[in-house]
Amino acid sequence: MLFPIVQGSTFAELRQRSAEYIAGRDMPGNAIGGLSVGEPEEEMYAMAELCCGILPKDKPRYLMGVGTPWNILENIARGIDMFDCVMPTRNGRKGMLFTWEGVINIRNNKWADDHSVLDAHGDCWVDGAYTKSFLRHLFQSGEILAQQIASLHNLGFYLALVREARERILDGSFTGWKNELLPKL
């Protein structure tokens, strides 16, 4: 499917004009671009909200290149339906794990003797199959398996996060759940 892309940086007037033009094209869905290139999060949220107020609600709204778990939740709250991002795998390859208890850098020495599973609340198979100390050892040894495990874990976390977000939207508890979860992430 071809989704036209709303542009305009953080200039509200340009974003509005672009979103209005694109909303009038009656495409299968609409994308919002240019909001993951280093601007402050609050500006990203404001521009996404502005665009979602204009783009049709009955067609998917896709925010390109975003992002962190907290960015995803905040943008879902503003009306975004779809995301793509290299962050789960790129950051995983560097040893950053996104978990339900927050972000951890598995390369840090504090994990050397931690024999607990990667994420006790995770539902990806790697979460219970490997320990933090083992994954850290793999990273320290330069084993490619470390990058694969961390990437799988992060992808599993992101899938679980958006699955839970969908369930919370459907049962009407999304906002409370999001507000309770964000400080942990």
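The structure is a predicted model, in which local features need pLDDT of at least 70 and side-chain atom pairs count only at pLDDT 80 or more, while totals for chains, interfaces and linings use all residues. Residues are numbered from 1 along each chain as its sequence is written, and side-chain values use heavy atoms, with hydrogens and water left out. The protein chain contains eight helices and six strands, where helices (H or I, at least four residues) and strands (E, at least two) are DSSP runs numbered from the N terminus.

**Overall architecture**

- Read from the N terminus on, the elements of the protein chain follow the order β-α-β-α-β-α-β-α-β-β-α-α-α-α, and the C-alpha atoms fill a box of roughly 55 × 35 × 30 Å along the principal axes.
- Of the 185 residues in the protein chain, 44% are buried, where buried means under 20% relative accessible area, exposed over 50% and partly exposed in between, with a 1.4 Å probe and protein chains only.
- Among the contacts in the protein chain with a separation of 6 or more, 59% come from residues 24 or more positions apart, a contact being heavy atoms within 4.5 Å.

**Helix packing**

- Helix 1 (residues 12-23) packs with helix 2 (residues 41-52) at an angle of about 30°, and their axes are 9 Å apart; axes are lines fitted to C-alpha atoms, for helices over the stretch in contact, and angles run from 0 to 180 degrees between N-to-C directions.
- Helix 1 and helix 2 are therefore roughly parallel to each other, given that angles under 35 degrees count as roughly parallel, over 145 as roughly antiparallel, 65 to 115 as roughly perpendicular and the rest as oblique.
- The crossing of helix 3 and helix 8 is left-handed, and its contact is made by L73, E74, I76 and A77 of helix 3 with F174, W177, K178 and L181 of helix 8.

**Helix 6 and its surroundings**

- K132, S133, L135, R136, L138 and F139 are buried in helix 6 (residues 132-141), and what covers the buried residues of this helix includes helix 4 (87-93), strand 5, strand 6 and helix 7.
- After helix 6 comes G142, which has a positive phi near 75°.

**Aromatic contacts**

- The structure holds seven aromatic pairs, defined for rings of Phe, Tyr and Trp (its six-membered ring) with centres within 6.5 Å; planes under 30 degrees apart count as stacked, over 60 as edge-to-face and the rest as tilted.
- W100 and F157 form an edge-to-face pair, at 4.9 Å centre to centre and 65° between the planes.
- W100 lies in the loop between strand 5 (96-99) and strand 6 (102-105) and F157 in helix 7 (residues 144-171), so this pair ties together parts that are 57 residues apart in sequence.

Terms used:
Left-handed = near helix turned anticlockwise from the far one by under 90°.
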